[in-house]
Amino acid sequence: MPNERLRVVAATPIPDELVATVLAAEPRIDFVVDQSLLPPMRHPGDHAGDPGFRRTDEQQRRFEELVDSAQVLYGIPGERPSELRRTVEANPSLEWVQLMPAGGGAQVRGAELTEEQLGRIRFTTTAGVHAGPLSEFCVLGLLAGFKSLPRLEEHQRRHEWADGRWIMKRLDGSRVLLVGLGGIGRLTAQKLAALGAHVSGTSRRDVEVDGVEEVIHPDALADRVGEFDGIVVSLPGTPDTEGLISATVLASAKPGAVLVNVGRGTVVDQEALVEQLRAGRIGFAALDVTTPEPLPADHPLWDEPNVLISPHTAALSDLEDELIARLFAENCTRYLDGRELINPVNTREFY
């Protein structure tokens, strides 16, 4: 039977105006938010909040009582899997958790929940909310590599008009391989196709995607990757995707190929990437994700001249929190009406 009402408790920061947005869209929920118990947000998408925030012992007790009374959690405390586990163990009435990251399955995996708990509680992510800005970063990364951005910057730093001109690659007419055809990959495909690129993508299923001319099975990556001028990775981090862009795949890339990664750092063999950057097999890499994160200050990727590193910030925009709130409101309506939720987490493979 569909629920008549839902008790939602905010475990992560959410502005009052967005609480009002959710309630206006779905008035059948009781959205409990105690702003005094939530860390202030330093910027949009700051779901963990200010790391300097501390609750008193009394405040912590009240906060735990609140989250442990929820049917639905909006976020998890501190964005920490250990806090998700504590809450699940303390709250047998918990039915659903709305995770803040698009790749929130990793938080569920990290919580190390039991089979019973995974079967009892639904988990959803914000997949799709970040597709717009991330697809733009994908285009930026490809263009930065195609248009010799590091070389241009070096001449500018030296106040040096380049001695001679050189040919820059064209995105129009190039061949780009999208490793991953989820929301990010699909939107990236549309934008690249509109710019004249010939786009292929990888999938284990037989799918049709606007702007994608051919779908390739991931097992064929090493055999086919050498055909492409650009490679864009948007896969989540799972045991199945770890190291998918392997040393063999990177060594098989077209000489000078541009690599963009907005998925998870674990998908790309970073040691092999450094090796192939130095060899010139990979001509340029734009990385919004690395492993580990933060990337250590002494990691060789920092000093590679043909690398652009973004500190896992390409997904953020001033609309992120509103889009998440509206997605959550839609899912609340679906939950109350007994319909399928958007972005359910696969609790076997955790994506």
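Which residues does S200 touch, not counting residues up to four places away in sequence? They are R175, V176, L177, L178, V212, E214, I216 and F228, where contact means heavy atoms within 4.5 Å. The model is predicted: local features need pLDDT of at least 70, side-chain atom pairs count only at pLDDT 80 or more, and totals for chains, interfaces and linings use all residues. Residues are numbered from 1 along each chain as its sequence is written, and side-chain values use heavy atoms, with hydrogens and water left out.

- S200 belongs to strand β7 (residues 198–202); strands (E, at least two residues) and helices (H or I, at least four) are DSSP runs numbered from the N terminus.
- S200 counts as buried because its relative accessibility is 3%; buried means under 20% relative accessible area, exposed over 50% and partly exposed in between, with a 1.4 Å probe and protein chains only.

**Charges over rings**

- The charged end of R175 sits over the ring of F228, 4.6 Å from its centre; this requires NZ of Lys or CZ of Arg within 6 Å of the ring centre and within 35 degrees of the ring normal.
- R151 lies over the face of W166, 3.8 Å from the ring centre.

**Aromatic pairs**

- The whole structure holds 5 aromatic pairs, meaning rings of Phe, Tyr and Trp (its six-membered ring) with centres within 6.5 Å; planes under 30 degrees apart are stacked, over 60 edge-to-face and the rest tilted.
- Y74 and F328 pair edge-to-face, at 5.0 Å centre to centre and 70° between the planes.
- Because Y74 lies in strand β3 (residues 72–74) and F328 in helix α12 (residues 320–336), this pair ties together parts 254 residues apart in sequence.
- Both Y74 and F328 are buried.
- Ring pairs join F31, Y74, W96, F328 and Y335 into a cluster.
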